[in-house]
Every structure is written in C-alpha cells, then in structure tokens.
Amino acid sequence: MTTLNRHPESTSATIDERHIVTSSVARKALAALRIAFGLTFLWAFFDKLLALGFSTGAVVNEQGVKTGIDFFSKDAWIHGGNPTLGFLKFGATGPFKDFYNSIAGETWVNVLFMLGLLAIGVALTFGIAMRLGTIAGFVLYLMMWSVALWPANNPVLDDHILGALSMVVLGLTLAGDTWGAGRAWAGTGLVRRFPILR
C-alpha cells in the first residue's frame, strides 16, 4: 500500500523566496529589479497625475526639442489632462490601431490605466500582492506593445516584451520577500484566505 506524506511546509502559505531562489545574491538582484520596475510605474503615475515635466508637462519648441517644464500644467490629470489620449490616438499603429484610436481618452480607459500604474507600482515597490501586481504588469506591458505594432527596431521584440517577461520572472520567484514586505504580507490572514493576493 502506498502512503502519501503531506508536508505542510510545501503549501503556498509557507513557501518563501529562499525555497525558490537559493542564491542570496540572485534574490537581491531580483529585489533590485522589482524595486526598479515598481519605481518606474510609480513615476509614470505621478508624472501623468501632476505633470512633472518628463513626459507630461514638457515644454517643447517647434522642432520638438524640450525647452522647459510646465509643472502642474493643464496636462496634469488633476487639472483635466488626458493620460491616454496622445499615445492611443497618435502613437497607435498596426492591426489594432482603429481599436486603440476608438478608446483613446475615454474616462474609463484613463481611470483603469492610472489605477493600474499606481497598483502595479505599489505592489512591486513594496513587494506586496506580487501575484496580482505582476499579472497586471504583464497584461499592461502586452497591451502597450500591441498599441504600436510592429516595433521600430526589431520585428517582434521591444522593451514592452522584456518588461512583460520580467513580470513573469518576478511573480514566479516571490521577489517581494527580499527587501520587501512579501513574507510578512504572506503571513496575514487575508492572504492565507485568498492566496492570489500573495
């Protein structure tokens, strides 16, 4: 007769990054990658929210050269700016161009995009809710890739695909446990009840 041994340490609630990535140096590298991506998402959110001048609120001359910054300008989302209109209306190319042009600047698109940037940025920066954060990041990167098909410098790959693949790696390696609150977050009753929040 075969006996099945159940090992409680193998449940998702007790697995931590040390069981998946055994090298301390590799865990720190993944943590640095996670934080860098998180801060990138948070920066994009705040730049579009407040027009901090790197993408939103930049003053450019007729030749397209940046000549200054109009902080908190009319382009800021808090002042009625439209965070998705320019990219989806004027940056869309390829087979999905008409679809993205049709939703460009819609209120629901702006709200979902901005909430996505904020939620993904918080999840990655602090290492909490990494499963949902990296899934959302993966989807957002793929959608942004599909807006401008095909990439200008490669027949298929661009930085959006690399970002999407990085989300997969960060999500599968519990990268929020090192230099983040992932392990403590995993121990909460809410996460134990709903493991997708890990």
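How are H2 and H5 oriented to each other, and why? In this predicted model, the axes of helix H2 (residues 24-50) and helix H5 (residues 107-126) cross at roughly 150°, and angles over 145 degrees count as roughly antiparallel. H2 and H5 are therefore roughly antiparallel to each other. The protein chain that holds these helices has 9 helices and 2 strands.

**Overall layout**

- Read from the N terminus, the elements of the protein chain follow the order α-α-β-β-α-α-α-α-α-α-α.
- Along the principal axes, the C-alpha atoms of the protein chain fill a box of roughly 80 × 35 × 35 Å.

**Helix packing in general**

- The angle between the axes and the distance between the axes describe two packed helices.

**H2 with H5**

- The axes of H2 and H5 come within 7 Å, and H2 passes H5 in a left-handed crossing.
- On the H2 side, the residues that meet H5 are Arg-34, Ile-35, Phe-37, Gly-38, Leu-39, Phe-41, Leu-42, Ala-44, Phe-45, Lys-48 and Leu-49.
- On the H5 side, their partners are Phe-113, Met-114, Leu-117, Leu-118, Ile-120, Gly-121, Val-122, Leu-124, Thr-125 and Phe-126.
- The contact of H2 with H5 comprises 16 nonpolar, 3 polar and 2 charged residues.

**H6 with H7**

- Helix H6 (130-147) and helix H7 (159-172) have axes that come within 8 Å and cross at roughly 165°.
- That angle makes H6 roughly antiparallel to H7, and the crossing of H6 and H7 is left-handed.
- H6 contributes Met-130, Thr-134, Gly-137, Phe-138, Tyr-141, Leu-142, Met-144 and Trp-145 to the contact.
- H7 contributes His-160, Ile-161, Gly-163, Ala-164, Met-167, Val-168, Leu-170 and Gly-171.
- By class, the contact of H6 with H7 has 11 nonpolar and 5 polar residues, with no charged ones.

**H2 with H7**

- The axes of H2 and H7 come within 11 Å and cross at roughly 130°.
- H2 and H7 are therefore oblique to each other, and H2 passes H7 in a left-handed crossing.
- Leu-30, Leu-33, Arg-34 and Phe-37 of H2 touch Gly-163, Ser-166, Met-167, Val-169 and Leu-170 of H7.
- This contact of H2 with H7 is made up of 6 nonpolar residues, 2 polar and 1 charged.

**Largest pocket**

- The volume of the largest pocket is about 1,100 Å³.
- Its lining consists of 40 residues, and Lys-48, Pro-83, Phe-87, Phe-113 and Met-144 lie nearest the centre of the pocket.
- Two or more lining residues come from each of H2, helix H3 (85-90), helix H4 (97-103), H5, H6 and H7.
- Within the lining of the largest pocket there are 26 nonpolar, 10 polar and 4 charged residues.
- Lys-48 and Phe-113, both among the residues nearest the centre, also belong to the contact of H2 with H5.
- Met-144, another residue nearest the centre, is part of the contact of H6 with H7.

**Second largest pocket**

- The second largest pocket has a volume of about 210 Å³.
- It is lined by 12 residues, and those nearest its centre are Arg-131, Thr-134, Gly-171, Leu-172 and Leu-174.
- H6 and H7 are the elements that give two or more residues to this lining.
- The lining of the second largest pocket holds 8 nonpolar residues, 3 polar and 1 charged.
- Thr-134 and Gly-171, both among the residues nearest the centre of the second largest pocket, also take part in the contact of H6 with H7.

Methods
Residues are numbered from 1 along each chain as its sequence is written. This is a predicted model: local features need pLDDT of at least 70, side-chain atom pairs count only at pLDDT 80 or more; totals for chains, interfaces and linings use all residues. Side-chain values use heavy atoms; hydrogens and water are left out. Axes are lines fitted to C-alpha atoms, for helices over the stretch in contact, and angles run from 0 to 180 degrees between N-to-C directions. Helices (H or I, at least four residues) and strands (E, at least two) are DSSP runs, numbered from the N terminus. Angles under 35 degrees count as roughly parallel, over 145 as roughly antiparallel, 65 to 115 as roughly perpendicular and the rest as oblique. A crossing is left-handed if the near helix is turned anticlockwise from the far one by less than a right angle, and right-handed if clockwise. Contact means heavy atoms within 4.5 Å. Ala, Val, Leu, Ile, Met, Phe, Trp, Tyr, Cys and Pro count as nonpolar, Asp, Glu, Lys and Arg as charged, and the others, Gly among them, as polar. On a 1 Å grid over the protein atoms alone, a cavity is a set of points where a 1.4 Å probe fits but cannot get out, and a pocket is an open set with protein on both sides within 12 Å along at least five of seven lines; lining residues have an atom within 4 Å of a point. Grid points are joined across faces, edges and corners, and a volume is the space filled by probe spheres set on the points.
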